[in-house]
Amino acid sequence: ARAAAAAGEGQLYGGRLRWAVAGRSREKLRAVLERAAERLGKAAPGEEVGVLLCDVSDAGSLATMARQTRLVLNCVGPYRFFGEPVVEACVENGASCIDISGEPQFLEGMYLKYNEKAAEKGVYVVGSCGFDSIPADMGVLYTRDKLKGTLTAVESFLSVKSGPEGLGVHDGTWKSAVYGLADEDNLKELRRQIGYAPVPVVGAKLKKRGFLFYSPEFKEYCITFMGSDGSVVKRTQRYLHTELQQTPVQYGAYVTLGGLGSVIKLMFMGMLFLLLVKFNFGRKLLTKYPKFFSGGYFSKEGPTQKQMDGTSFTMTFFGEGYSEGQDPQKGKPNVKICTEVKGPEPGYIATPIAMVQAGLSLLEDAASLPKRGGVYSPGAAFSKTKLIDRLNKRGVEFSVISKPEV
């Protein structure tokens, strides 16, 4: 329902796009359409909205769905279990595909298995088009484009603020984290099979911070961000350097925690999580009781409406580089920039906004996409499109905070 509302009434009901919803239950799909219509202030969803029945366990139904469309928005996760059949059906039947996965194993596995076939078919498979990882990936590109000179390094700091009802997240994200951390060794092997070309370090090397540190800028403790942002941004920078000969940007991703009490709570839960995730019975416990093991943040019910309404995020980017005319390979960086991406609740409001606007960019900014089809990160696919402009108009806002000279 939120994804439908994110696109806007003119684009969905009687507008320039024809669209449908797809899933296993016709009754549930009609209920989704009714909720979307309610959010858009309409009495009924309209007969022009199609309903397609398909199941990820039924390859024939997925093929039938993919043959009827130019683009599939795939919201069914965890993607390591349910994502590949949709990608395969889309590639085999000539439809592009966008997902909101934050799972590096799935994202990079799809690149290994389907990149060449997607290129042959002329279709685009673009993963991580939700909160993971459009704010980070497009935020780095926005920072680069706003610096007068050559951007060589960026650090991002994610801050999530909640209202009096607190923060809530659905356990689907929790399951992705559980199985992702349990499968780290396979991710290393996957990357070895892909044979990534190394990304050169241009300019002064970005100093790696400790896992936990205090930030004087935010006056809070911070930790390394454990999500997919780092790997997604690196894939984009590798593509831009290898294919477009652009200067690669070094990147570090962090999240603010708050005071010492928050740190102690996180460290206790984190150690317990890392201990249990190594064993099969531990993973069963973690996925069966997400609310207990996450301190109440993750649940099978997901966030309430009040929790979503009271939650927002800000991602702040600190960039450094070299002024126009200065060789980045000589001397220290001499220009800095601070930018920001801010928006509503990340998982259930900002994510559908990002996904739908990415889909519109793929459909309507086709001349600005990479010339070949393939499996892409968001920044690689959309760096030349109007995606940031579209997001700004929908409430995920990119802005420059300062551009001080050193």
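What share of the 406 residues in the protein is buried? Buried residues (under 20% relative accessible area, with exposed over 50% and partly exposed in between; 1.4 Å probe, protein chains only) make up 49%. The model is predicted: local features require pLDDT of at least 70, side-chain atom pairs pLDDT 80 or more, and totals for chains, interfaces and linings use all residues. Residues are numbered from 1 along each chain as its sequence is written, and side-chain values use heavy atoms, without hydrogens or water.

The protein contains 18 helices and 15 strands. These are DSSP runs, numbered from the N terminus (helices H or I, at least four residues; strands E, at least two). The C-alpha trace spans about 60 × 50 × 45 Å along its principal axes.

Contacts (heavy atoms within 4.5 Å) were split by sequence separation. Of those between residues at least 6 apart, 79% join residues at least 24 apart.

R283 lies in helix 13, residues 280-288. A polar atom of the R283 side chain sits 2.9 Å from the backbone oxygen of V277. Polar contacts are pairs of N or O atoms within 3.5 Å; within protein, one must be able to donate a hydrogen and the other to accept it, and residues adjacent in sequence count only if both atoms are side-chain atoms. Leaving out residues up to four places away in sequence, R283 touches V178, Y179, A182, L276, V277 and K278.
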